[in-house]
Amino acid sequence: MLAVCGVSSAEELFAHLPEAVRLPRPLALAPGISEYEIVQYFRDRAAENANGYASFLGAGVYNHYRPVLVDTVVSRGEFLTSYTPYQAEISQGTLTTIFEFQTMICQLTGMDVANASMYDGSTAVPEAAMMAVRATGKGRVLVARSLHPEYREVLRTYAKNQGMPVEEFGFLPEAGTIDLEDLERKMDDLTAAVIVQSPNFFGIVDQVKAAAEIAHKRGALLVVIFTEAVSLGLLEPPAEADIVAGELQSFAISPSYGGPYAGLIATKEKYIRQVPGRLVGQSVDSRGNRAFCLTLATREQHIRREKATSNICTNQALIALMATVFMTVYGKEGLRELALQNLAKAHYLAGKVKPRFTGAFFNEFVARIDGKPPDELNKKLLKKKIIGGLPLGRFYPELADSVLLCATEMTKRSDMDLLAEVAQ
Amino acid sequence: MYPENYRYTKEHEWILVEGGTGTVGITDHAQQELGDIVYVDLPKVGAHIEQGKSLGSVESVKAVSDVYCPVSGEIAEVNPALADKPEILNTDPHGAAWLVKLTLSAPAEVEGLMSAADYQTYIGAEK
Amino acid sequence: MIDKVTAHLSQNERLIFERSSPGKKAYQLPELDVPAVDPAEALGAGNVRTAIEGFPEVSEVEAIRHFTRLSTWNYAIDYGMYPLGSCTMKYNPRINELVARIEGLAWAHPYQPESLAQGAMEVMARVEAALAEITGMDAVTLQPAAGAHGELTGILLIRALLQKRGNPRKKILIPDSAHGTNPATAAIAGYAVENIKSSATGVLDVGALEQLVTEDVAALMVTNPNTLGVFEENIAQAAEILHKKGAMLYMDGANMNALVGIARPGDFGVDVMHLNLHKTFSTPHGGGGPGAGPVAVKKILEPFLPTPRLRRAGKKWAFDYKRKHTIGRVKAFYGNFGVLVRALAYVLAHGGPGLRNATVDAVLNAVYIRKQLEPYFDLPYSQPNMHEVVFSDARQAKLGVRTGDIAKRLIDYGFHPYTVSFPLIVHGALMIEPTETESKQEIDQFIAAMISIAKEVESDPQLVKTAPHGTRTSRVDEVLAARKPVLRWKPA
């Protein structure tokens, strides 16, 4: 090969680089180690994390059982090591599963069209906001304070640079649902979108219909966000929404210390050309057989460049596939049953540890333990190998005495009894 | 091929001026370059567009082209046929696939546009 | 003669919804150990849905057969080479998959107490340090979810610094050879885009740059090696021009596979750059994601990095949320941790010397391909190429055959196409990047295929223009898909 290249050593291939830019020393990284040692390294790191703890954490990332079929499917080399399906003839596997994913998301959310996934729920929020701005021609966004705090942070980062004013409206201190009067007061004709989460960050089913009325009356779109996808197994999808966006981590995506996850954006037919990210469409091949391909690519960065609907290139194909397999395994009946179990578990816990808010909740709720500040309570729980709920003080100063507790189908009754005992 | 009574721009638009109205479209050369048209994005009736500014765009599968206004004016009509059948832009770009009709605000601007003969020379040279 | 592939029987399969039958199930939930709750009572009757219409109902066997059959319709790295330029489709080591699934890592909740997340934080710190060393930069954020996301983060960092100095400025210079994410990113970051034309030899035109850099320019976004696979020999000079006018140099790290262990962007004047872990660092493409797009910066930009940042507190790791000048968050939590684990496994497996060797092999493979194909395909630029090579279809276009057709014919030979029609500065581009993980045998087969196709263009152009012929699915009507978009299945 060197002879073909006309050099006597591979080093010569770099000779044309200016001397000044060359790295004159080896990289200061240890030499390579064996497969066994690599496994050992990560096992040691894993051992330094929580192992064997019962957890009551939710807050946007949920502990749900991952059916074994999920990893069986995504571990296939054809799915794992394949590229973006730009060459439709040899990517029908990926394209078909994405088409099925888009369909299932529409069925789940009640929307007409869904894209092939976003990076995650948090980045789907500004993408939805930018969509609303494009669709309405207006520039301002109103967002509920009961939307996940970190999602709101991400929205602000994007909005600041787009010259998109973002204002928050509050929640009712007793019910935990959005303060409709506050929303009405802050609403105006310049608002492109009203963004609401349901179930909200506190786990409470929120006032989507009422928010829709307020938004639509003034020509704004309603964007509904969800972080706990399992809730849609039982809850009516938000039909009044113009855009639904959220997080699919609950569908067989490992918590994995924060990522990778898969977000989604779904919307009504009329906004189809405003949708960011990849879309798979149905067509035929030259023999007349049904075939799928990426479509409406003119919205995207590689064609539209600075006028694109977004700069996003990747979708979370492999992660979305995990969700697709999950939705297939549980199916029509299973997702409902799974949601019912989540509902039952959380309400059992709520029978022992009284919720602070009166609003109806799914599998999470806020609790205030008399005489036990959150940090103290959680310290006691850790001794029993229990990770308690998220102390809310870091996000909501007025709730600094409370925690956000989550119970899923994986939460054992005995652990809930133990938590309740410690909380006495 | 290129109607004598139309005027043409360097960006491959045509305009047919009749009294104070201009009918605007893209040329046969333009539709050939783009390939199969899949979508046309047109302005709203009532919008005022300056000469040289974008009044919309035409999309094929792999490309998007802005359409620039040949003569300043206000959009009086938008071709309703294109929403359902964008493909007529490929088959009849100078006739049935007109894009918009404008009420001209600066008719003198037509003077600076190319005749059919000049346009044919222009696209011949471009090759 | 095509020797890499043979047609064989592949299973047909409908959509999962078309397979479904009422009452079939593939799941099994344990018995509830707590009393059941009436959803109408708990949630309000109006809030409860009756059923998810159309959702699949299949058995486990049917589910497995469905996805397995579909998978066989895909090409993949596990099947053979992907010569896709700028995508760096190297082998995805399976050990990455194993370690990412270790329970203590896979089930770590981002909000679990820091005292119980030290292992995860140590992994992140190790990745930051490795990437800083490889890029020659001072600090790294792991928060961005993908390359384009990293680009946005990088430009926002520049904006924040310039804002602090009193003027965020108005525009970003981008070469006409750039990847589409670059201008799209600049627009989202609130900047106007000004294109800078490449020189006649395809590299950055420093003369033109000098003219264009004014006090209105915030930065130049550059890819190095550029999208022609050619090293930007004037990059240090470009950096000086920018810095003199108070502007910054952003580098798109998509082509880092040509530089690791050989040259470091931090050493040649880059202020901020992103990396694509799913390219250079072997994490799997998975059919289109997930990726990870860490951003590396010089000290001057460190205060603006997304929050939180890892810091050492005595013998432990902690997250620092109190950062006055941060641009904020670009994503919830800390980044695509699962992807970072895979990238670290790759770095540990190679080590310093191994990473450098990989770069050398990647460049050797690409130059070898260039030399072998030069007699058959037009080479628009004559400079030495690095890890990728760009040809044009000029010769074949004379016979009516374009790069897209040649790419489709390559499929019949058992390969995935190279990158078609990019960069835009080459008319009818064929962009080829083998990566270091291809053997000489595989590369020779690829070369033989390309030469055979070049000959077919002369003897039987129609064969090439109507390719592929041997695939299960022939050319898909993309025009129909765009004119009448059908984006979901609906029952008849």
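This is a short chat about a predicted model and some of its features.

Visitor: Let's start with chain B. How many helices and strands are there in chain B?
Guide: Chain B has four helices and nine strands. Along the sequence they follow the pattern β-β-β-α-β-β-β-β-β-α-α-β-α.

Visitor: How compact is chain B?
Guide: As compact as a globular protein of that length, because its radius of gyration is 13 Å, close to the 14 Å that the globule rule gives for 127 residues. The C-alpha atoms of chain B fill a box of roughly 35 × 35 × 20 Å along the principal axes.

Visitor: What share of chain B counts as buried?
Guide: Of its 127 residues, 36% count as buried. There is a contact figure too. Take the contacts in chain B with a separation of 6 or more: 63% of them are between residues 24 or more positions apart.

Visitor: Now the contact between chains A and C. How many residues does it take from each?
Guide: It takes 151 residues from chain A and 162 residues from chain C.

Visitor: Which element of chain A gives the most to that side?
Guide: Helix 11 of chain A, residues 317–352, gives the most, with 22 residues.

Visitor: And how do the residues on chain A's side divide?
Guide: Into 77 nonpolar, 49 polar and 25 charged.

Visitor: Over to chain C. How is it divided into domains?
Guide: Domain 1 covers 16–71, domain 2 covers 95–348 and domain 3 covers 354–478. The C-alpha centres of domain 1 and domain 2 of chain C lie 42 Å apart.

Visitor: Why is helix 13 of chain C largely enclosed?
Guide: Nine of the ten residues of helix 13 (residues 403–412) of chain C are buried, so the rest of the structure largely encloses it. Among the buried ones are C:Ile406, C:Leu410 and C:Ile411, and also C:Lys408 and C:Arg409.

Visitor: What do those buried residues pack against?
Guide: Several elements of chain C, including helix 12 (394–397), strand 12 (429–432) and helix 14 (440–459). Just after helix 13 of chain C, C:Gly414 takes a positive phi of about 95 degrees.

Visitor: Which residue in chain A has a positive phi although it is not a glycine?
Guide: A:Ser117, with a phi of about 105 degrees. Most residues other than glycine have a negative phi. A:Ser117 is in the loop between strand 2 (113–114) and helix 6 (121–136) of chain A.

Visitor: Is A:Ser117 buried or exposed?
Guide: A:Ser117 is buried, because 33 other C-beta atoms lie within 10 Å, and the cut-off for buried is 20 or more.

Visitor: What about C:Phe333, what is its phi?
Guide: C:Phe333 has a positive phi of about 65 degrees and is not a glycine. Its place is in the loop between strand 9 (316–320) and helix 11 (337–373) of chain C. C:Phe333 is buried, with 23 other C-beta atoms within 10 Å.

Visitor: Prolines next. Where is the cis peptide bond with omega near -5 degrees?
Guide: That bond runs from C:Asn224 to C:Pro225. C:Pro225 is in the loop between strand 4 (217–223) and helix 10 (235–244) of chain C. A cis peptide bond also joins C:Thr307 and C:Pro308, with omega about 5 degrees. C:Pro308 is in the loop between strand 7 (295–297) and strand 8 (309–313) of chain C.

Visitor: And where is C:Pro113?
Guide: In the loop between helix 5 (103–106) and helix 6 (118–135) of chain C. C:Pro113 is partly exposed, with 17 other C-beta atoms within 10 Å.

How values were computed
Residues numbered from 1 in each chain as written. Chains lettered and ligands numbered in written order. Predicted model: local features only at pLDDT ≥ 70, side-chain atom pairs only at ≥ 80, totals over all residues. Contact = placed C-beta atoms within 7 Å. Helix = DSSP H or I, 4+ residues; strand = E, 2+ residues; numbered from the N terminus. Nonpolar A, V, L, I, M, F, W, Y, C, P; charged D, E, K, R; others polar. Buried ≥ 20, exposed ≤ 12 C-beta atoms within 10 Å, placed from the backbone. Domains from an automatic or database assignment. Rg over C-alpha atoms; globule rule 2.2 N^0.38 Å.
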